[in-house]
Amino acid sequence: MAGKKEVTVVTYRGIFQEVEEARGMYSDGYRDQSAILDLDGGDAKALGVEAGKPVLLENDSGKVVVVAKVSEDPHPGVAFMPASPWSAQLLSGEVREGGLLELKRFRADVSPAEGAVTSIEEIRERIGAP
Amino acid sequence: MAFCTGCSLLCDDIEVDFEGAKVKKTLNLCRKGRAHYDSLVVDRLAPAVDGSEVGIDEAASKAAELLGGAEKPLLFGWGNSTLAAQGAGVRLAKKLGSVIDDPSSYSQGLITEKILKGELPSCTFDDVRNFADVSIFWGDDPSSSHPRHLSRFSYFPRGEKRQRGYEEDREAIVVDVRKSPTAQIAADGFFKIPPGGDAEFAEALMATLGGKIPKVEDKKRMLNLGTKLRKAKFGVIFTGLGLAHSRGGDLGPFFTLVAKLNELARFSVIPTLGDYNTRGFNQTLFDETGSVNSVSFGGGVEHGPEFGIAKYLDICDAVMVVGSDPAAVLPAPLAKKLSEIPMVAVASQRTLTTDAAKVTIPIGVAGLEAEGSALRSDGVKVDFDAAVESGYLSDVEVIERITEAV
């Protein structure tokens, strides 16, 4: 049964994403290595999400559609996502004491999606870059 | 030999053959380094004003006009700039009376500043290769971000006092929220913590080292770790963003743990820094002002979080971004603010930031198309030549042109 679940998303840098970034952040390869969410197997099952299918991630800061991956290791309630313009859409921009920004973690609802993966061009428009 | 500026290891044993600007054959480059070299023919930036291509002189002149006419300009980036360009950037900031900052203000700046102040013990990668018997990777996955870290320095190689390498002489311990590629190499040395659980892990380890029973599920494993660390002859902790961002950047328990470890054995800290010359910028600014980031030259020298990009975007009226892509990294509300401010972008490749800029100025890729110097993330200076000819100006040439025109 498809549903919605709140998860803690932790971002990371992946080697394949770094490679594709060097080859151009407007490339399909960069999108394919960035717009992904590693879900816990149990969470994916509860959500009715299969690996390779789109999921919607949303919170008060924004929303993006990315592709689900299902981890072999269990991490219920926690999902992992490459740090990228896609994950940045879900970050609040709140500045903590000392000036540090929260860039590594956020809470978001995840649910199955039908639409296409959010494109880098759409993100560029959202942040107002012409 | 050529150099690689793809990350802050600054590998100096690269062999490369070019056909024009395109790489034909290479030796010793990691996957990321090869992509860095391949980027020479990808999405190169052109000089432009308001989206229309112009000559480089006009672009530099417009940049100077934009920055010189501003009341509160911000100069940001610098991690992918040579030492010479960073020095020129600080001089430009002084001339403008502006704020200057880099991404370390929202990443590992605090750790680097403590090292530069002598408040946190550190060492070089060469010391690590020759002497380290325990390498701890905390919130850090260099197998992904710095692919030759483990093979050149921290785990696999044989060194002066570590002739049997990882097979017998070295131990890798990984503290992380996920089983990263580095954690997979460490195998039994992987300690999984919950997101934000770094302080609790540090406190449990402190208790263990103090002879107390740690308040963790697997007490035996934590006690074994404590014994290993007590017996270490030369320990090193490599820190990543996972640690720097845990608990809103409160690194107090980590610093206390490092002090405790050093009562029992020798333990050093080396931050794993993303851009190839982040350490260089931090050192350059520190030498000039005593701070590694978030400095204002508006009235004397001032330092504080209010001069970090996250807060200064609220009040600045012009930005120059050099060798960085904050629009891709910053939370969307801040990226939007950045896009609304008149901006000069100095870069080699097209990015979200250059797309948002009013003025773009292309530069050659340092170490590949332009000579220069940089500091590895352990602070060792590396001088590099260009590996291939190009028609691009170097970063320092562009910054100096703008400075002259201001």
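Helices (H or I, at least four residues) and strands (E, at least two) in this tour are DSSP runs, numbered from the N terminus. The model is predicted: local features need pLDDT of at least 70, side-chain atom pairs count only at pLDDT 80 or more, and totals for chains, interfaces and linings use all residues. Residues are numbered from 1 along each chain as its sequence is written, while chains are lettered from A and ligands numbered from 1 in the order in which they are written.

**Stop 1: chain A**

Select chain A. Five helices and six strands make it up. From the N terminus on, they run β-α-α-β-α-β-β-β-α-β-α. The C-alpha trace spans about 40 × 35 × 25 Å along its principal axes. Chain A has a radius of gyration of 14 Å, which agrees with the value near 14 Å for a compact globule of 130 residues. That radius is taken over C-alpha atoms, and the globule rule is 2.2 Å times the number of residues to the power 0.38.

Colour by burial next. A residue is buried if 20 or more other C-beta atoms lie within 10 Å of its own, exposed if 12 or fewer, and partly exposed in between, with C-beta atoms placed from the backbone. Of the 130 residues of chain A, 48% count as buried.

**Stop 2: where the chains meet**

Show both chains. Two residues are in contact if their C-beta atoms, placed from the backbone, lie within 7 Å. The contact takes 46 residues from chain B and 41 residues from chain A. Select α17 (332–340) of chain B. With seven residues, α17(B) gives the largest share of the side of chain B that touches chain A. That side has 20 nonpolar, 15 polar and eleven charged residues. Here Ala, Val, Leu, Ile, Met, Phe, Trp, Tyr, Cys and Pro count as nonpolar, Asp, Glu, Lys and Arg as charged, and the others, Gly among them, as polar.

**Stop 3: two domains in chain B**

Colour 46–106 + 276–405 as domain 1 and 109–271 as domain 2 of chain B. These bounds come from an automatic or database domain assignment. The domain centres, taken over C-alpha atoms, are 33 Å apart. Twelve residues of domain 1 of chain B are in contact with eight of domain 2 of chain B.

**Stop 4**

Two strands pair if DSSP finds at least two bridges between them. Follow the open sheet β4-β3-β16-β15-β14-β5-β6-β12-β13 of chain B, whose pairing is mixed. β4 (52–53) and β13 (302–303) of chain B each have a single partner strand, so one side of each is left without a neighbour in the sheet. Zoom in on β5 (73–77) and β14 (318–322) of chain B, which pair in the parallel sense over five bridges. B:Pro73 stands opposite B:Ala318 there.

**Stop 5: the five-stranded sheet**

Now trace β9-β8-β7-β10-β11 of chain B, an open sheet with parallel pairing. Its edge strands are β9 (190–192) and β11 of chain B. β7 (134–138) and β8 (171–176) of chain B pair over five bridges. Within this pair, the bridge partner of B:Trp138 is B:Val175.

**Stop 6: helix α4**

Finish on residues 109–116 of chain B. Is α4(B) mostly covered, or mostly uncovered? Six of its eight residues are buried. Among them are B:Leu110, B:Ile111 and B:Ile115. The buried residues pack against β10 (235–239), α12 (241–244), β11 (267–271) and α14 (278–289) of chain B. Just after α4(B), B:Gly118 takes a positive phi of about 80 degrees.
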